[in-house]
2 protein chains.
Amino acid sequence: MTTDTLSPPPLLDADALIADMGARARAAAKHMATAPTAKKAAALKAGAQQLRAQAAEILTANAQDMAAGEASGLTSAMLDRLRLDETRLGAIADAVDAVAALPDPVGAEIDRVERPNGLVLSRVRVPLGVVGIIYESRPNVTADAAALGLMSGNAVILRGGSEAVHSNRAIHAALAAGLAEAGLPADAVQLVPTQDRAAVGALLRAQGLVDIIVPRGGKGLVARVQDEARVPVLAHLDGICHTYIDGAADPGIAVALAVNAKMRRTGICGATETILIDRAYPGPAAIVDALTAAGCEVRGDRDIAALAAHVTPADASDWDSEYLDAIVSIAMVDGLDGALAHIDAHSSRHTDAIVTEDAAAADRFLTEVDSAIVMHNASTQFADGGEFGLGAEIGIATGRLHARGPVALEGLTTYKWQVRGTGQVRP
Amino acid sequence: MTTDTLSPPPLLDADALIADMGARARAAAKHMATAPTAKKAAALKAGAQQLRAQAAEILTANAQDMAAGEASGLTSAMLDRLRLDETRLGAIADAVDAVAALPDPVGAEIDRVERPNGLVLSRVRVPLGVVGIIYESRPNVTADAAALGLMSGNAVILRGGSEAVHSNRAIHAALAAGLAEAGLPADAVQLVPTQDRAAVGALLRAQGLVDIIVPRGGKGLVARVQDEARVPVLAHLDGICHTYIDGAADPGIAVALAVNAKMRRTGICGATETILIDRAYPGPAAIVDALTAAGCEVRGDRDIAALAAHVTPADASDWDSEYLDAIVSIAMVDGLDGALAHIDAHSSRHTDAIVTEDAAAADRFLTEVDSAIVMHNASTQFADGGEFGLGAEIGIATGRLHARGPVALEGLTTYKWQVRGTGQVRP
């Protein structure tokens, strides 16, 4: 009797698997928390170098995923997200190098105060601990998320999508080799070794083992994570972003921003989905025409539909739709108050913008719109960690706690209070 | 047939009740978010004045609760927490006045950066929104929590314990009158009008209506809240705090800190529960004797028990016990490494302290101990928002997300990104 190496592995108890990974991650996190900046950077640079050196193996693994994806009927958009080539892999390695060059948030003093009794209190940034990342088809997330998690001194547990399983394993192996080269524990970046969905459930319930879960993917994934998780979640659900063209907008800026905010890339969460036009704005038709000329389907309310024959009438659901496509809904509103009311009712509180030359209107918009990112005379497509100077992002948070908007290194840290005394007792 | 005003109110649908309160809180939160500092402060000062003016009604209500508590057999400790008198009520009103005098966190700029493309990004503090507070017998929490929540621009939903129901209603009425006097919506501070436990469940599941839940009370309450909540929770479970006496500790300081950290007040979460003594420290018996002389029961490991006949031998459970009483567990450890290992295994990550004259040992302790508060040569009893200069605290968070350690006004805020441009489109 010979051993059949192709037989499926024995069924794992998902809770036991995650408990073991979590314990190893916790031990690794203790090392990472006090690892010097140079050592973390060296590990990432070595990982980037390994990604380049192991390009052939990684691309072979990706070809396996692509073949399986084609056979199982993935859409061409999904296959495109899954596909790696020399250029894309080079960009992934470069992104890891870029994270290695970012300032280390760990150990930074947030504030310091001396109390009248002589106690000196300082708040110092420390890593969150163990970060779980659950994501879908893009294999670059394996490298991006690991790099951000490690540079901020955390241990990372990754759980990628089934369709990218071979690519993810190959990328993970390169990063783990980089950690080992730098003398940091390879357990600081672990990949869940099974696609069994029970392992995701176990990860979501791993209170005490995992400090935060970051879901990256579509609405279905994020909703499942938010619903099942007992571990805190840093998530964004939708990007229903608005651009409001005020009566006092500069028409040239208004047209340029409307087109860029909607059409530069339609599939990102910062893309504008609804444009609101002040009834007092003089050139609404030019905005509709420019969008149409750029290849965008326009769905308008009654006033907008009256402007041009090529406008489709919007129905109620359009105001709550994240198209992620070359479609825009446009409504006419009664000035700033009308815009604020519409945004309050329909925004997903991700990113909303005003276009105006009226400074008072802009201030009111920036103050009163309760979204993670509010903009004046800028394209909502700028809602991105890289564009914000954070170097990279692990996601854009639309929740209110801990971190809001683009989340990068700082968002993966917390703080501790250090109190220094000379023997003070409390009266 | 006459109406019986003493008949119980009709059974409420808890979800409908909380949905209605949540919607009114959300509307009030919109007002509070942009209310000027002076107006919020005026509302709190008017509330404090109402607490003083309505002292007779409040004390009568409290007497009702006290009578019911005595009849139902509350312990004397519980009755003491419940009891109000002129002095205690005056202190509650003064505390509300003190919160009114704190700096307003809302609108403060956290940071600002100009990007190469001319976009100016700033992060500005904004309120969390709707804060739910679930607490037990102390009626002062009604005023403290409401004051902190309102001053930080939030709307507050309070759910106090059954035993304080009349006191809480009377205190709430005074605060609501203060809001009305200042022209702010009374719905900004609401008290759940039923003691039906289903209402707590509905509050814990009120995603989208309530932004954060703060539980204040014993372990049972906090554990239930953490288990059932679908809304984010800012909680602390235990305060198993350690004081480590290093071999290089000053003996005078060591004795004074050991006694103060344990015995000043034994019932607070910052009280030391375990003392670790370095085997190299010359005077362990003096520490045991000083604690015994102060009225503390000492439970020691084998080495400590050998020092004095009045030491009770500790069992394994002692190292994980939050006594909240005049009891301390003491272990002998092998230097700093031994202390770090013990704390890592047993600390609840609330507050831990080192006593030493060795600066390098202190630095290592402050860096490596992974607790919300770490102290050098200071009493763990200082773990308190007031002592930290925050003016007051809504609790001490031992979780890692959002806020850690004493939580006051800043911990009840989040931030938004304001982006100011001149028409920039993203390339």
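This is a predicted model: local features need pLDDT of at least 70, side-chain atom pairs count only at pLDDT 80 or more; totals for chains, interfaces and linings use all residues.
**Where the chains meet**

Let's begin with the contact between chain B and chain A. Each side is made of 70 residues: 70 from chain B and 70 from chain A. The size of an interface is often given as the accessible area lost when the parts come together. Here the area buried between the two chains is about 5700 Å², and carbon and sulfur atoms give 49% of that.

Polar links also cross this boundary. Between chain B and chain A there are 52 residue pairs in polar contact, both residues being at pLDDT 80 or more. On the side of chain B that touches chain A, at least two residues each come from several elements, including helix H9 (219-228), helix H14 (359-368) and strand S13 (373-378) of chain B. Strand S16 of chain B provides the largest share of that side, with 11 residues. Sorted by kind, the residues on this side of chain B are 30 nonpolar, 21 polar and 19 charged.

The count of salt bridges between chain B and chain A is six. In one salt bridge, B:Glu410 pairs with A:Arg123, and their closest N and O atoms lie 3.3 Å apart.

**Strands that pair**

| Strands | Sense | Bridges | Facing residues |
|---|---|---|---|
| S1(A) and S2(A) | antiparallel | five | A:Arg112 and A:Ser122 |
| S2(A) and S16(A) | antiparallel | eight | A:Arg125 and A:Tyr415 |
| S16(A) and S13(B) | parallel | five | A:Val419 and B:Met375 |

S1(A) and S2(A) form a hairpin with five residues between the strands, where A:Gly118 takes a positive phi near 95°.

**A closer look at strand S2 of chain A**

Is strand S2 of chain A enclosed or open? Eight of its eight residues (120-127) are buried, so this strand is largely enclosed by the rest of the structure. In a regular strand the side chains alternate between the two faces of the sheet. In S2(A), A:Val120, A:Ser122, A:Val124 and A:Val126 point one way, while A:Leu121, A:Arg123, A:Arg125 and A:Pro127 point the other way. A:Arg123, the salt-bridge partner of B:Glu410, is buried.

Methods: Residues are numbered from 1 along each chain as its sequence is written. Chains are lettered from A and ligands numbered from 1 in the order in which they are written. Side-chain values use heavy atoms; hydrogens and water are left out. Contact means heavy atoms within 4.5 Å. Buried area is the accessible area (1.4 Å probe) that two parts lose on being put together, summed over both. A salt bridge is a side-chain nitrogen of Lys or Arg within 4 Å of a carboxyl oxygen of Asp or Glu. A polar contact is a pair of N or O atoms within 3.5 Å; within protein, one must be able to donate a hydrogen and the other to accept it, and residues adjacent in sequence count only if both atoms are side-chain atoms. Helices (H or I, at least four residues) and strands (E, at least two) are DSSP runs, numbered from the N terminus. Ala, Val, Leu, Ile, Met, Phe, Trp, Tyr, Cys and Pro count as nonpolar, Asp, Glu, Lys and Arg as charged, and the others, Gly among them, as polar. Two strands pair if DSSP finds at least two bridges between them. Buried means under 20% relative accessible area, exposed over 50%, partly exposed in between (1.4 Å probe, protein chains only).
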